[in-house]
Amino acid sequence: MRPGPALTCLVGTVVVVALVSGCLGEPDGSLPPPVEFIPEVTGGGTGDGLIIRYYPNTTEPASYSVTFEIKVAGEVTDAVAGESFSGISAAHPIELPPVPAGAGDEVRVQVTIFDEYGRIVHTETTTFLAGEELQVTT
């Protein structure tokens with residue numbers, strides 16, 4: 001059974017009203033301020049690999065979408081677009097998969113974090129040398 005012209009007209013009117021009123025489309029500026037993230041790298045090129053975490057500056061749990069690429073010695077070891085993380089807070093940071101890097105390996109991490117409103121809240125490219133003391137090179 002196909003919808004009649006009245007139903008089609010009603011649905012079209014509802015969509016137009018929603019767009020005009022701001023229910024759909026761009027935010028109206030009433031969104032909370034974006035959360036900031038602080039990166040942390042632990043591990044020293046041991047067998048367990050390096051652990052890269054991103055801590056938000058809030059204790060309120062929220063969901064985020066993360067796109068990242070990890071290169072070790074110039075080779076891509078992991079790349080993901082739009083991975084969802086829920087329940088993220090200062091006590092439960094975003095944690096990327098372990099990076100298999102030996103001491104002295106150059107590791108490059110490109111990451112973009114989106115909040116639940118689709119805003120980019122963190123983006124960076126970090127290059128460092130794995131070892132006992134991690135040294136950021138760019």
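**Figure 1. Ala73 lies in the loop between strand 3 and strand 4 (75-88).** Strands are DSSP runs of E with at least two residues, numbered from the N terminus. The model is predicted: local features need pLDDT of at least 70 and side-chain atom pairs count only at pLDDT 80 or more, whereas totals for chains, interfaces and linings use all residues. Residues are numbered from 1 along each chain as its sequence is written, and side-chain values use heavy atoms, with hydrogens and water left out. Ala73 has a phi near 55 degrees, a positive value in a residue other than glycine. Ala73 counts as exposed because its relative accessibility is 54% (exposed is over 50% relative accessible area, buried under 20% and partly exposed in between, with a 1.4 Å probe and protein chains only).

**Figure 2. Ser84 is found in strand 4.** With a relative accessibility of 62%, Ser84 counts as exposed. Thr67 is 17 residues from Ser84 along the chain, and the C-alpha atoms of the two are separated by 9.2 Å.

**Figure 3. Three strands form an open antiparallel sheet in the order 1-2-5.** Strand 1 (37-42) and strand 5 (94-95) are the edge strands, each pairing on one side only. Two strands pair if DSSP finds at least two bridges between them. Strand 1 and strand 2 run antiparallel and are joined by six bridges. Strand 2 (residues 51-56) also pairs with strand 5 in the antiparallel sense, over two bridges. Tyr54 of strand 2 stands opposite Pro39, and the bridge partner of Tyr54 in strand 5 is Ile94. Five of the six residues of strand 2 are buried, so this strand is largely enclosed by the rest of the structure.

**Figure 4. The largest nonpolar core has 24 residues.** Those with the most contacts inside this core are Phe37, Tyr54, Tyr64, Ile94, Leu96, Val107 and Ile113. Two or more residues each are given to the core by strand 2, strand 3, strand 4, strand 6 (106-114) and strand 7 (120-129). Strand 3 supplies the largest share, six residues. Such a core is a set of buried Ala, Val, Leu, Ile, Met, Phe, Trp, Tyr and Cys residues joined through side-chain atoms within 4.5 Å. Leaving aside neighbours within four places in sequence, Phe37 is in contact with Tyr54, Tyr55, Pro56, Tyr64, Ile88, Ile94, Ile113, Val121 and His122. Contact means heavy atoms within 4.5 Å.

**Figure 5. Thr58 is placed in the loop between strand 2 and strand 3.** Thr58 has a relative accessible area of 18% and is therefore buried. Apart from its neighbours within four places in sequence, Thr58 is in contact with Val35, Ser89 and Ala90.

**Figure 6. The largest pocket holds about 160 Å³ of space.** A pocket is an open set of points on a 1 Å grid over the protein atoms alone, where a 1.4 Å probe fits and with protein on both sides within 12 Å along at least five of seven lines; lining residues have an atom within 4 Å of a point. Points are joined across faces, edges and corners, and the volume is the space filled by probe spheres set on them. Of the 15 lining residues, Pro32, Val35, Ala62, Tyr64 and Glu116 lie nearest the pocket centre. Strand 3 (residues 62-72) gives the largest share of the lining, three residues. The lining divides into nine nonpolar, two polar and four charged residues (nonpolar: Ala, Val, Leu, Ile, Met, Phe, Trp, Tyr, Cys and Pro; charged: Asp, Glu, Lys and Arg; polar: the others, Gly among them).

Terms used: Helices (H or I, at least four residues) and strands (E, at least two) are DSSP runs, numbered from the N terminus.
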